Amino acid sequence: MTRSVGLIERYRADLPFGPDDPVVSMGEGSTPLVHAPALSERVGADVWLKLEGLNPTGSFKDRGMCCAVSAALREGASTVICASTGNTAASAAAYAARAGMRGVVIVPEGRIATGKLAQALVYGARVIALQGNFDEALRLVRRMADEHPIALVNSVNAFRLEGQKTAAFELLEDLDGELDALCIPVGNAGNVTAYWKGFQERGASPRLFGFQAEGAAPLVLGRPVERPETVASAIRIGNPARWEEAMAAMTASRGAVRAVSDEEILDAWAFLASREGVFCEPASAASVAGLLKYGADGCARIACVLTGNGLKDPQTALDRAGGVVPCPAEFGALEAAVLG
Ligand code: F0G
């Protein structure tokens, strides 16, 4: 039997943790990298999918949270707090529970996917529904953490990026260093910043193509968006905290930040599920939507980061997918339903 190794254990030499530091881990990281034959054919390149939705709470946030909560525990904090469009909240709630700490998460009221809300509640966090958007929530929790002895675990916390950079290490290891470009959704801009840090630490420089939803594309527009709007609730963010670093990373890599429409996001999301058998959440599909829209740009091998699990957002799935076939409990009716 092989025991699951969490990312601090796997990459301790690259992370700011000593051998005696407390580690709050659930076997995060080491996610599958799967080849995408249908997508590869469509874009004329060798395309791979990094399935970050297979982390313990179903998103890449667990990489960062493992490090942020471990560091908070080391510092003696008893409460962690974050603002979130949902995944950070679920992850913070889980790691706080495991650490025996209090978790407090601030989410925009009525604007996060059902699965994420259920997770945060079941893990036992205090879930505060703010009558405002993510950007307002982040501004307020930053002040809370300034004025109270509470650890802030949003990606403004440097430990978050330390944990998340390990995904870049895994990509390079799994592809023997042969990677020309990375396609990644961008919201608060922490993850693209973290990947760049990871690539740079390994001496690699794949081109970084970040994708924002058209209605929430401050980096593309070059100015904050006051009322961000998109079906991809995870990246409904108008004023990213890691703005400058993310732009610097994409520029240094000879990449770009670009916008995709909600329709393009949902088309890519449906394509991934129906052709590759991979069910991600809508925000994650922005990476693939961008690749399909703008093309491989001369890159031979490309990895798309699928940041979150499709089960996070069952409502969007049920609203968009085909309906079920009703059937009376008798064989003739079943035959008609199956063969019809
Ligand atoms: N994809 C998913 C599924 C996300 O949940 C997020 C961010 C992103 C992409 C964008 O990553 O912010 O580092 O640029 N979700 C945060 C949250 C904001 O609160 O869960 P980013």
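**Helix packing, cysteines and domain organisation**

In the predicted model, helix α12, spanning residues 262-276, packs against helix α13, spanning residues 285-294, at an angle of about 105 degrees and with the two axes 8 Å apart. Because angles of 65 to 115 degrees count as roughly perpendicular, α12 is described as roughly perpendicular to α13. On the side of α12 the contact is formed by E264, I265, A268, W269 and L272, and on the side of α13 by A285, A286, V288, A289, L292 and K293.

The cysteines were examined next. With a disulfide taken as a pair of cysteine sulfur atoms within 2.5 Å, the count for the model comes to zero. For C280, which is in no disulfide, the nearest cysteine sulfur belongs to C304 and lies 10.0 Å away; C280 has a relative accessibility of 2% and therefore counts as buried, the limit for that class being under 20%. C299 is likewise in no disulfide, and the nearest cysteine sulfur to C299, that of C183, is found at 8.0 Å. With a relative accessibility of 6%, C299 also counts as buried.

At the level of the whole chain, the assignment gives two domains, of which domain 1 is made up of two segments, residues 7-59 and 159-319, whereas domain 2 covers residues 61-158. The centres of domain 1 and domain 2, taken over C-alpha atoms, are separated by 21 Å. Across the boundary between them, 51 residues of domain 1 are in contact with 41 residues of domain 2.

A local view is provided by E109, which is placed in the loop that connects strand β4 (102-108) to helix α5 (114-122). The relative accessibility of E109 is 43%, so that this residue counts as partly exposed, a class that lies between the limits of 20% and 50%. When neighbours within four places in sequence are left aside, the contacts of E109 are with A129, L130, Q131 and G132.

Conventions:
Residues are numbered from 1 along each chain as its sequence is written. This is a predicted model: local features need pLDDT of at least 70, side-chain atom pairs count only at pLDDT 80 or more; totals for chains, interfaces and linings use all residues. Side-chain values use heavy atoms; hydrogens and water are left out. Axes are lines fitted to C-alpha atoms, for helices over the stretch in contact, and angles run from 0 to 180 degrees between N-to-C directions. Helices (H or I, at least four residues) and strands (E, at least two) are DSSP runs, numbered from the N terminus. Angles under 35 degrees count as roughly parallel, over 145 as roughly antiparallel, 65 to 115 as roughly perpendicular and the rest as oblique. Contact means heavy atoms within 4.5 Å. Buried means under 20% relative accessible area, exposed over 50%, partly exposed in between (1.4 Å probe, protein chains only). Domain bounds come from an automatic or database domain assignment.
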